[in-house]
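The tour below goes from single residues out to the whole chain.

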Amino acid sequence: MSNWVDPLIFLLIVISFVLGVSSFIMGFFAQPANTASMKTKVEYGFFGLTGLVLCALFSYALATV
């Protein structure tokens, strides 16, 4: 019960991966006609890439701990 760092980093890995992949998937869905379609796709792409980069960063942190 003394090692709480590894499960917390793994939780951050899972959360960032799920948010990154779901943002990419949501970017491919059809947007309503009254919104700026390209703007929302770029935003979803940015959040997806950020989530996957955080996932890689946390994976590296878990490997070195």
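Select Asp6 and Asn3 and show their side chains: a polar contact of 3.1 Å joins the two. A polar contact here is a pair of N or O atoms within 3.5 Å; within protein, one must be able to donate a hydrogen and the other to accept it, and residues adjacent in sequence count only if both atoms are side-chain atoms. This is a predicted model, in which local features need pLDDT of at least 70 and side-chain atom pairs count only at pLDDT 80 or more, while totals for chains, interfaces and linings use all residues. Residues are numbered from 1 along each chain as its sequence is written, and side-chain values use heavy atoms, with hydrogens and water left out.

Stay on Asp6, which lies in helix 1. Helices (H or I, at least four residues) and strands (E, at least two) are DSSP runs, numbered from the N terminus.

Asp6 is in contact with both, leaving aside its neighbours within four places in sequence; contact means heavy atoms within 4.5 Å. Ala61 is 55 residues from Asp6 along the chain, and their C-alpha atoms are separated by 9.3 Å.

Now select Ser16, also placed in helix 1. Ser16 counts as buried, at 6% relative accessibility. A polar atom of the Ser16 side chain lies 2.9 Å from the backbone oxygen of Leu12 and 3.1 Å from that of Ile13. Which residues does Ser16 touch, not counting those up to four places away in sequence? They are Gly51, Leu52, Leu54, Cys55 and Phe58.

Move to helix 2, residues 37–64. Its 28 residues reach 41 Å from first C-alpha to last, close to the expected 40 Å (1.5 Å times one less than the number of residues). Colour Thr40, Gly48, Gly51 and Cys55, which are buried. The buried residues of helix 2 pack against helix 1 (5–28).

Finally, zoom out to the whole protein, which has two helices and zero strands. Its radius of gyration is 15 Å, well over the 11 Å that the globule rule gives for 65 residues, so the protein is more spread out than a compact globule. That radius is taken over C-alpha atoms, and the globule rule is 2.2 Å times the number of residues to the power 0.38. Along its principal axes the C-alpha trace spans about 55 × 20 × 10 Å.

Key. Buried means under 20% relative accessible area, exposed over 50%, partly exposed in between (1.4 Å probe, protein chains only).
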